[in-house]
Amino acid sequence: MKRLSLIGYGVLLLVACVLPFLVSEYRTFQFTLVLVYSIALLGLNILTGYNGQISLGHGAFYAIGAYVAAVLMDKAGFPYWATIPVAGAVCLLAGFLFGLPALRLEGLYLALATFALGVSLPQLLKYHHFEGWTGGVQGVVITKPDAPEFLAVLGLPLNQDQWLYFFTLAITVVMFLLAWNLLRGRLGRAMMAIRDNHVAAEAMGVNNAMVKSLTFGVSAMFTGVAGALGAIAIQFVAPDSFNIFVSLTFLIGIVIGGLASIPGAIYGALFIQFVPNIADEFSKAAPWAIFGLFLIGFTYLMPLGIAGAIRLGLARLTGKEHNSQPGKP
Amino acid sequence: MDALLHQILAGLATGGIYASVALALVMIYQATHLVNFAQGEMAMFSTYIAWTLINAGMPYWGAFFLTVAFSFVFGVVIERVVIRPVENSPVLAVVVVFIALLFILNSIIGWIYTYTIKPFPSPFPEQPFFGNKLMSSHEMGAIGVTLVVLLLLYAFFRFTPLGLAMRAAAQNPESSRLVGIRVGWMLALGWGLAAAIGSVAGMMVAPIVFLDPNMMGGVLLYAFAAALVGGIDSPGGAVFGGFLVGVLENVLGAFVIGNELKLAVALVLIIGVLTVRPSGFFGKVHVTRV
């Protein structure tokens, strides 16, 4: 099984590498966004799926990441690649700080507090005292990076969209490896222990407060990195593009993709990127109605999302007992 | 001084609307220990129904009461059909269903009525009551309607057998079931009442913020803040919280932080109350046994 999944990831990576040469520039851009969303969903999944803290305001960290990248490029003249680690670091800190008061909140109340964060964020971004940096309602426009020149010298000329895609892909791979390592390590086990039974975890010597805040920080860091990448890909940030629906879309992504599952982030990202496109053809309002119906359907029928269904299907096919694996929420 | 007084009174008027939505939230919280994220959207839905009825030529108050009745039935149906299957699920599943409901209602309305902003009539006359210059008649009317709703609710829960049964079902479902109260239906009634109260709030706020599918977003946030400030399980507290939040929002918005950051007031209130005093002013303090 281990080898099988390794092969699976290898094939997936190969397909991901060939993809931009097969599809149009616009599709390449869409797949770049899929990668961006998958990092964001991974971040939210670390918090909600693995640690059991509900966040309805992760769009806020996505926005912070995006704004850090945009402001650094626009005002401080940073090259685009250098903004990613800064955005990650800023969001790590922001998430950790927000996680401290959030510690005392459980379940519903945390959802409420983060919902408030998500709803009020656009107003904060418009605040006129920050206007010098954030551009107020107008937002910030950033330029699209060109492919580095040595690639053309090597005989591999990439256009801007393709280069951006590969740049995002590289960071996505790094972030997924990071998450995979984190979740099977000490911190990951502590997170799941807290989710399943926080009293028992405490009794076993897990520092609940520290782990929960840290999880919030790490989760925000992932989402912030995604935000920075998203800003570079879309070349524009504005307050109203980070409304509460961004946060709720992330929640949809992890529920549909699969809670507490790393590949689930990819399925979820594909879903939130492409399903609205298809639904858009019926009506401007249709994507949200379809999201809503899918959410209810999945909650009733497939609570572990697409990843859970695939896992179950594979277990049936190989005839192996579906062993209780650590990712069950 | 006049400006301050004016802001306080205007705050009381919007506060009345927050109080109504907060009251709806508390109704559902008391019955099911859930916070309904779709409450604002449900109220918006009802308001559009009212708008349709009024545009079809119905007199205002006829449309008003018909909408309230419809919302009640609508709330009951939602509880029976959508919420019941996840009643005993983990919190995340319930929150997800609420969010789904929010999406569906929002997009149905967007689909039918488009996202353009529409004016909504006020039942109260143009010129202010008694010739005062501090409050518009709609603001006074909205406060009046809120107080009437409150009084009716109080009377219902205090003096009718059904109200007593609902309180019993909320407080101790097991024992209530033993004495023959149909707890499931009491929860559904709670949802119906919440939806009806929400529809009143929607119709009172629509002349101020105008009718559009996202009109309740800010109101819902203030209502959350109001319910938490007052204590999420205390109806009286929710009303107090509503007026307090309304006044705070208006006074701070006008004199201290500016209109741009009004929503941040709600954010700070919510996080502040939840971390410092989760039970609010009037709520019960919960102690959990390990």
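Helix axes are lines fitted to C-alpha atoms over the stretch in contact, and angles run from 0 to 180 degrees between N-to-C directions. This is a predicted model, in which local features need pLDDT of at least 70, side-chain atom pairs count only at pLDDT 80 or more, and totals for chains, interfaces and linings use all residues. Residues are numbered from 1 along each chain as its sequence is written, while chains are lettered from A and ligands numbered from 1 in the order in which they are written.

**View 1. Helices α12(A) and α15(A) of the predicted model.** The axes of α12(A) and α15(A), the latter covering residues 305-318, come within 3 Å and cross at roughly 10°, which makes α12(A) roughly parallel to α15(A) (angles under 35 degrees count as such). Helices are DSSP runs (H or I, at least four residues), numbered from the N terminus. The contact (C-beta atoms, placed from the backbone, within 7 Å) joins A:Val255, A:Ile256 and A:Gly257 of α12(A) to A:Gly305, A:Ile306 and A:Ala307 of α15(A).

**View 2. The side of chain A that touches chain B.** Here 40 residues of chain A are in contact with 36 residues of chain B. The elements of chain A that give two or more residues to this side are α5 (107-126), α12 (244-257) and α14 (286-301), and α5(A) gives the most, with 14 residues.

**View 3. Confidence along chain A.** The mean pLDDT (the predictor's confidence in each residue, from 0 to 100) of chain A is 86, and 97% of its residues reach 70 or more. Over residues 324-329 of chain A, however, the pLDDT is below 50, and this stretch has seven contacts in the model beyond near neighbours in sequence. Where pLDDT is low, the predicted coordinates should not be read in detail.

Definitions and conventions. Two residues are in contact if their C-beta atoms, placed from the backbone, lie within 7 Å. Angles under 35 degrees count as roughly parallel, over 145 as roughly antiparallel, 65 to 115 as roughly perpendicular and the rest as oblique.
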